[in-house]
Amino acid sequence: MTDDQLTVGQAAQRLGVTVRTLHHWDAEGLAQPSARSAAGYRLYTQADLDRLERVVLYRELGLGLNAICGLLDDPDMDAVATLHEQSAQTEEHIHRLQQLQGSLRNMIEAHERGPLVGPERQEEVLGEGWNPDWPAQARARWGHTAQWRQYAERAAVRAPEGWSELTRETEELDGDLVRAVDDGAVPGDARANDLVERHRKLFSRYFPLTRQMQVCLGRVYESDPAFAAHYDALHPGLAMWLREAIDESARLHGIDPDTASWE
């Protein structure tokens, strides 16, 4: 072995690749050691190393092994056209990465603050009663749960128009709840059950809401001061009525509300 001949391990170290990679390129006929030591070990000459450096360069540019082989060995291959094609593919890949980065930023922001709606549009999109502190309070309370992650994932891709639609449907449901109570509907009757099912389907657009989970949410509506104040401001006693209506609907579906859990 002379000073300009290297073993596979030495060549790999010099080029910054693995021995396994050099063995693969050897097996593919892309870059092979052309010398042997007295003991029969295959060695890379300087010419072999020059070729390997070109292979490493083209691989870093994203070219496949077949294209690299053509660039190195096929005199009829148009190197400029091949590189133009690779450049176009790289630009497309960069564009996809930029889109991915934007999606990641949205996901992070949704986890941190909920709806991706600027402060100047929150009242317009989320309703006059929207409190910008609510997402932070909700994250502090439920941020560790799978449902918060599902909520954030959906929030990351929901446009302001989607939030406006949810706000409108929620306000319509609140109005129908008030009218049902005024008309004498009682928990467990057909009208109350329909409203409970509307509530479950509506809130399932934030995260999948099972009937057992809905029972737990009904308890919160009645026991939590903020939730109770919201519903009771719409109609005195509405928080309790809604909780009872959810409980009766659960019983209709074979669920004991007294033992229901968040699952």
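Is Leu61 buried, exposed or partly exposed? Leu61 is partly exposed, at 42% relative accessible area; buried means under 20%, exposed over 50%, and partly exposed in between, with a 1.4 Å probe and protein chains only. This is a predicted model: local features need pLDDT of at least 70, side-chain atom pairs count only at pLDDT 80 or more, and totals for chains, interfaces and linings use all residues. Residues are numbered from 1 along each chain as its sequence is written, and side-chain values use heavy atoms, leaving out hydrogens and water.

**Overall build**

- The protein chain has 13 helices and 2 strands. These are DSSP runs numbered from the N terminus: helices are H or I with at least four residues, strands are E with at least two.
- Of the 263 residues in the protein chain, 37% are buried.
- The protein chain exposes about 15500 Å², with carbon and sulfur atoms supplying 52% of it. Accessible areas come from the Shrake-Rupley method with a 1.4 Å probe; for residues, only the protein chains shown count as cover.
- Contact means heavy atoms within 4.5 Å. Among contacts in the protein chain with a separation of 6 or more, 57% join residues 24 or more positions apart.

**Surface patch**

- Leu61 sits in the loop between helix 3 (46–60) and helix 4 (65–73).
- Together with Leu57 and Leu83, Leu61 forms a nonpolar surface patch of about 250 Å² accessible area.
- Patch residues have over 30% relative accessible area and no salt bridge; like charges are joined within 9 Å, nonpolar side chains (Val, Leu, Ile, Met, Phe, Trp, Tyr) within 5 Å.

**Buried sites**

- Ala11, in helix 1 (residues 8–15), is buried at 0% relative accessible area.
- Beyond its neighbours within four places in sequence, Ala11 contacts Leu6, Leu22, Tyr44 and Leu49.
- Ala11 and Leu43 are 32 residues apart in sequence, yet 8.9 Å apart C-alpha to C-alpha.
- Leu43 also touches Asp48, a residue of helix 3.
- Asp48 is buried without a salt bridge; Arg51, the nearest side chain of opposite charge, is 7.2 Å away. Lys and Arg count as positive, Asp and Glu as negative; His and the chain ends are not counted.
- Tyr206 lies in the loop between helix 10 (190–203) and helix 11 (211–223). Tyr206 counts as buried because its relative accessibility is 15%.
- Contacts of Tyr206, leaving aside neighbours within four places in sequence, include Arg154, Arg158 and Trp163.
- The C-alpha atoms of Tyr206 and Ala155 are 7.9 Å apart, across 51 residues of chain.

**Salt bridges**

- The whole structure holds 16 salt bridges, each a side-chain nitrogen of Lys or Arg within 4 Å of a carboxyl oxygen of Asp or Glu.
- Glu172 and Arg168 pair at 3.0 Å, N to O. They are 4 residues apart in helix 9 (residues 160–182), so about one helical turn separates them.
- Both ends are partly exposed: Glu172 at 38%, Arg168 at 41%.
- Glu172 and Arg168 belong to a salt-bridge network with Glu165, Glu169 and Arg205.
- Glu248 and Arg251 pair at 2.7 Å between closest N and O atoms. Both lie in helix 13 (residues 238–252), 3 residues apart, about one turn of the helix.
- Arg243 pairs with Glu244 at 4.0 Å between closest N and O atoms.

**Cysteines**

- The structure holds 0 disulfides, a disulfide being a pair of cysteine sulfur atoms within 2.5 Å.
- Cys69 is partly exposed at 29% relative accessible area, whereas Cys216 is buried at 11%.
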